[in-house]
Amino acid sequence: MLKPEILDTFLRLLDEAAAGGDREPTAMNLSTADAAGRVSSRIVLLKGADERGFRFYTNYQSDKGGQLEAHPQVALCFHWKQLRDGVQVRVEGVARKLQADESDAYFASRARGSQIGAWASLQSQTLPDRDTFEQRVARYEHEFEGRDVPRPPHWGGFVVEPDMVEFWYGAEYRLHERVRWSRHGQTWTHRLLYP
């Protein structure tokens, strides 16, 4: 469980980034590793943060999904370059699948085109040509015509349960301020780090 002070600081910074005109303040870098230890990194969108951690959604059968299954230890990084003199939030922890009802509720809130896309995309697999994908989109548009699109069984959410959160505040001459929170059992402690 995130200490309220950590969550409040994060949410305040996220709100500041959004109010400051950041085009995608919820964009975060997600780093994962496969069973052999090879690391991958990509940008995903944060879809919620609470005392449990940081939520995002994906195709469970994608490369990312397979890596999370094999090695659930992950790292996240938010970078709001235009906020103050630059702010980063680094998070490390374990990614766990969300319960089906939570994934269902989020999926139902998505735009219909995004819902169809979740069915049509064989995420991370080789696509022979764009026309093949467009045919798959048309197939699922037809299949679900006139009714709600259900959540695919291979698609859903994760929550990253952190054991480390670091707030990095940029400063002139690279004299940055770094505050690192670490969880030991159920207890969170913090310390300053040299920049």
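**Salt bridges, cores and pockets: a guided chat**

Guide: Arginine 90 is partly exposed, with a relative accessible area of 26%. Here, buried means under 20% relative accessible area, exposed means over 50%, and partly exposed is in between, using a 1.4 Å probe and protein chains only. This model is predicted, so local features need pLDDT of at least 70 and side-chain atom pairs count only at pLDDT 80 or more, while totals for chains, interfaces and linings use all residues. Residues are numbered from 1 along each chain as its sequence is written, and side-chain values use heavy atoms, leaving out hydrogens and water.

Visitor: Which residue in strand β7 pairs with arginine 90, 76 residues apart?

Guide: We want a salt bridge, meaning a side-chain nitrogen of Lys or Arg within 4 Å of a carboxyl oxygen of Asp or Glu. Here the closest N and O atoms are 3.1 Å apart, with arginine 90 on one side and glutamate 166 on the other. This pair links distant parts of the chain, and arginine 90 sits in strand β6. Its partner in β7 is glutamate 166.

Visitor: Is glutamate 166 buried or exposed?

Guide: Glutamate 166 has a relative accessible area of 1%. That makes glutamate 166 buried.

Visitor: Which residues do salt bridges join into one network?

Guide: Start with arginine 90 and glutamate 92, whose side chains meet at 3.3 Å, N to O. Bridges that share partners build the network: Arg90, Glu92, Glu166, Arg178 and Arg180.

Visitor: Which element gives the largest share of the core with 33 residues?

Guide: A nonpolar core is a set of buried Ala, Val, Leu, Ile, Met, Phe, Trp, Tyr and Cys residues joined through side-chain atoms within 4.5 Å. In the largest one, Phe10, Phe54, Trp80, Val89 and Phe167 touch the most other members. Elements supplying at least two residues each include α1 (4-19), β4 (53-59) and β7 (155-169). The largest share, 6 residues, comes from α1.

Visitor: What is the volume of the largest pocket?

Guide: On a 1 Å grid over the protein atoms alone, a pocket is an open set of points where a 1.4 Å probe fits, with protein on both sides within 12 Å along at least five of seven lines; lining residues have an atom within 4 Å of a point. Grid points are joined across faces, edges and corners, and a volume is the space filled by probe spheres set on the points. For the largest pocket that comes to about 340 Å³.

Visitor: Which residues lie nearest the centre of the largest pocket?

Guide: The lining has 15 residues in total. Nearest the centre are Tyr57, Thr58, Arg110, Gln123 and Trp155.

Visitor: Which helix gives the most to the lining of the second largest pocket?

Guide: This pocket has a volume of about 150 Å³. Among its lining residues are Arg130, Thr132, Phe133 and Arg136. With 4 residues, the top contributor is helix α5.
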